[in-house]
Amino acid sequence: MKTIRPLAILGAAALLVAGCSGGGGGGGNGDGGGAADATGAIDIWLSNNEQELAWGTAVVDAWNAENPDEQVTAQEIPAGASSEEAITAAITAGTAPCLVFNIATAAVSGWVRQGGLVDLAQFEDGASYITDRGGEGAEAYMTDDGFYQLPWKSNPVMVMYNRTIFADAGLDPDNPGMESFDDFLAGARQIVESGASQSAIWPSPTSEFYQPWFDFYPLYLAETGGTMLVEDGAATFDSDEGRAVAEFWASVYAEGLAPQEASTDDAMAVGTTAMQLAGPWAIASYGDAVDVGFMPVPTSTGSGDVYTFADSKNVSMFTSCEAQGTAWEFLKFATSEDSDGQLLELTGQMPLRTDLAATFPDYFEANPSYETFADQAERVADVPSVPNSVEVWQAFRDDYSAAVIFGTSSVEEFLSGAAETIDGLVAE
Amino acid sequence: MASVPATELRDPGRLRASRRRWLGTQPIGSLFSLPYLVFVLVIFAYPLGFAVYIAFHDYFFTAPGVEVAKPFVGLDNFVTVLTDERVLESFRNTGVFLLINVPLTVVLSMVLATALDSGVRWASAYRIAFYVPYLTASVSLVGVWMLLFSSGGLINSVLGPLAPSPSWLISSSLAMPTIALYVTWKQLGFYILLYLAALQNVPRELHESAMTDGANGWQRFRAVTVPGVRSATTLVLILAIITGANLFTEPYLLTNGGGPDGASSTPVLLIYQQGIQQQNPDTAAAIGMLLVIVVGLLSLTANRLTKES
């Protein structure tokens, strides 16, 4: 036993010294080893959504047929609790692919801080391509004055409802008339009191940082005409509009119109709720199982042409990419008008480009149920690209849960407390 | 290159002594244990040392080749987490969990193991029944418990008007106790096995002489069985404290991320949130260090309390 000790101490000391010096080595500048004009084979990651995979495979096949010397290999994002965690781990390990077609804006600032993303504006036509395709709205996706993501597609969030349950509750499925908070609450009460459904609406009441994007935030964007949670370095929601939205949701929970616990199955599919906030993906997902209708998210006044949450997924290039020239050319190919049309056709998700309905008139004529979303896609806003973004949303969610979902604090305390915390986080 | 002292070359006795000091009297034995030593160093010692380093620096993970200053910040990360109400709440929640889970685990596993050891009918069937939850992945069992303990679940249907409101998993006072009950039930089979093994070492003669002295079943359990399995009790206590303090899967899945409103959040859940989701490994490491200290102290106390005087 005694003999092991000196060896163990030596080994432990060596490893600890190695550990203490780990992680800071190298001397690069964050652009990785790839030059902006370098070409060659590249890897890309796609979402594991079945329709998106079909689109990705088709686009990659088309590219590979024309570019035998710059082959692209596509694969699903590796399994993880979330795509963001898998990508963060890949950046740290230096195993990220050249491009990922599933970037959530909230995660971008953290990855920029890690030195994991390439500023697409470094390409000669980078900034102009992004703004020409996405219009002025594309600038909202900038981080530290750089385009670290190309705004790719959106899933404008609207209120999806079960037409059969609405009819059973005595509401008109073609025109529910629930545009204002008061009308929405009245309709929701009617659904529950009639026994047509166990609950009127069932947003996930869980504490993940991204849950506000599917309850508070779409309504807040609608109420404010597109004001993001944080603007000019300060939280915006400690306001009359923020209070109106928070009090609306607090009423929904207090009156038992929405459950305070997560559903053990798909509440919409099994009919235990009549409404969900969802994007156009829901049309294909629910298919013939549920007869669904869509209406804009409500506001206090019931005004028309409201804004909503874009729920965009974008494309980023990673600094570990060696053939950045090929990656950029492929990125343009995959977000061209033809590829965007193919994306729309195969997934029903809205490419983030100007004049969507006018660019693809045939598609919307053949698929009228998506036309509502194309119209809504003209009025969307995303999460702000700010420092400590995930922490900001987690702080917001924690205080929102206490005040709005569980009623253990007041709406006023939530608004002022969360705003103060978030101001501090953004200023760091 | 280091040179060997001339005196050692000339004196084979000193050379042997020097070799023995570094390689031991059984170099082959050391060689055989080397793989495990390397395993311990790489899997346990290195991450622990690295975590200590991270906890004292303004640290975040970067892409390879990216040079960013990660300055030494002293106790700043510890101050940050110790003044964070969510962190303190998570430690309080863990305290509640341990207060329910550890005594229940010790008492139930000891009593059930004693019953199984005394030759009850269908002992093997009971043994399997107790052990199956331990073998089954928590992810699948949590789904069953959600169905049982949700607002419209089986338990509330049976309780009818006596069902708690808010329900078990969304009540700030019942969420953690429900998790503690779940973990007790799930882990029980393992601890019963430990006690069953320990009971084999309690001499039958002690029971027989106690019976001769007129001791009843309860008196024999108290005077013979409990002292006879003292070392197993120490082990069970320490293991229950360590696994309980590292609680993650159950609050993550059963109460949807430590809900309601943080009432079932745990330090490990916060480590995951801060270290992985929010990319703040420095504060996450500080929470980890505090947890190591708390678990160490609790284990030490448990060891002292169950030590034979």
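**Checking the labels**

Modeller: Let's begin in a loop of chain B: B:Pro166 sits between α8 (154–159) and α9 (175–199). Keep in mind that this is a predicted model.

Biologist: What makes the bond between B:Ser165 and B:Pro166 worth a look?

Modeller: That peptide bond is cis, with omega at about -5 degrees. Chain B has another cis bond, from B:Gly259 to B:Pro260, where omega is near -10 degrees. B:Pro260 is in a loop too, between α13 (249–253) and α14.

Biologist: What makes you call strand β1 (residues 42–46) of chain A mostly covered?

Modeller: Five of its five residues are buried. That holds on both faces: A:Ile42, A:Ile44 and A:Leu46 on one side, A:Asp43 and A:Trp45 on the other.

Biologist: How do you know that β1(A) pairs with strand β2 (residues 72–76) of chain A?

Modeller: Pairing needs at least two bridges, and these two parallel strands have five, so they pass. One example is A:Trp45, whose bridge partner in β2(A) is A:Gln75. With helix α2 (residues 50–66) of chain A, β1(A) and β2(A) make a right-handed β-α-β unit.

Biologist: And which bridges link β1(A) to strand β3 (residues 99–103) of chain A?

Modeller: There are three, again in the parallel sense, so that pair passes as well. A:Leu46 stands opposite A:Phe101 in β3(A).

Biologist: Where does the largest nonpolar core lie, and why do you say so?

Modeller: That core has 135 residues, and those with the most contacts inside it are A:Leu99, A:Met317, A:Ala327 and A:Ile422. Domain 1 (42–155 + 311–381) and domain 2 (158–309 + 387–427) of chain A both give residues to it, so the core lies between them. Helix α17 (residues 389–405) of chain A gives the most, with 10 residues.

Biologist: What does A:Met317 touch, away from its sequence neighbours?

Modeller: Leaving out those within four places in sequence, its contacts include A:Cys98, A:Leu99, A:Leu117 and A:Ala327. There is also a second, separate core of 56 residues, with B:Tyr191 and B:Val229 among them.

Biologist: How many residues from each chain make the contact between chains?

Modeller: Chain B puts in 41 and chain A 46. On the chain B side, α3(B) gives the most, with nine residues. By class, that side has 20 nonpolar, 18 polar and three charged residues.

Biologist: Last one: what kind of residues does domain 1 of chain B turn towards domain 2 of chain B?

Modeller: Four residues of domain 1 touch seven of domain 2. On the domain 1 side there are four nonpolar, no polar and no charged residues.

Notes: Residues numbered from 1 in each chain as written. Chains lettered and ligands numbered in written order. Predicted model: local features only at pLDDT ≥ 70, side-chain atom pairs only at ≥ 80, totals over all residues. Contact = placed C-beta atoms within 7 Å. Nonpolar A, V, L, I, M, F, W, Y, C, P; charged D, E, K, R; others polar. Core = buried A, V, L, I, M, F, W, Y, C linked by C-beta atoms within 7 Å. Buried ≥ 20, exposed ≤ 12 C-beta atoms within 10 Å, placed from the backbone. Helix = DSSP H or I, 4+ residues; strand = E, 2+ residues; numbered from the N terminus. Domains from an automatic or database assignment. Right-handed = clockwise from strand over helix to strand, strands pointing away.
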